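The entries follow in the order in which I checked them.

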Amino acid sequence: HTNQNISATPSERSGHTATLISNNTVIVFGGEKGTTFGDTHSLDLTTMCWTELTFGGETPKERFDHTAC
């Protein structure tokens with residue numbers, strides 16, 4: 001993946017997944033609010049800075065009310 005720093009938080013949404021992947025990083029994927037999202041963001045819990053993650057190749061389709069483990 002390629003990290004692309006952004007200054008704003010992800011847009012407001014519901015039905016997304018938020019997964020703690022380390023002691024200080026949460027990954028947020030998908031969700032919806034009038035449209036369905038397929039974007040992926042990480043939140044560094046130490047700095048409270050968001051980063052949008054972009055990927056090459058085939059990526060998951062937009063979705064909401066899904067699960068992650």
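I asked which strand gives the most to the lining of the largest pocket, and I found strand E5 (residues 49-54), with three residues; strands (E) are DSSP runs of at least two residues, numbered from the N terminus. I note that this is a predicted model, where local features need pLDDT of at least 70 and side-chain atom pairs count only at pLDDT 80 or more, while totals for chains, interfaces and linings use all residues. Residues are numbered from 1 along each chain as its sequence is written, and side-chain values use heavy atoms, with hydrogens and water left out.

I read a volume of about 160 Å³ for the largest pocket. A pocket here is an open set of points on a 1 Å grid over the protein atoms alone, where a 1.4 Å probe fits, with protein on both sides within 12 Å along at least five of seven lines, and lining residues have an atom within 4 Å of a point. Among the lining residues I listed Phe29, Asp39, Glu52 and Phe55.

I then turned to Asp39, placed in the loop between strand E3 (25-29) and strand E4 (40-44). Is Asp39 buried or exposed? Asp39 is buried because its relative accessible area is 19%, and buried means under 20%, exposed over 50% (1.4 Å probe, protein chains only). Its side chain is joined to that of Arg13 by a polar contact of 2.7 Å, that is, a pair of N or O atoms within 3.5 Å, one able to donate a hydrogen and the other to accept it.

Gly34 lies in the loop between E3 and E4 as well, but I found Gly34 exposed, with a relative accessible area of 84%.

Note on methods. Points joined across faces, edges and corners; volume = space filled by probe spheres on them. Helix = DSSP H or I, 4+ residues; strand = E, 2+ residues; numbered from the N terminus.
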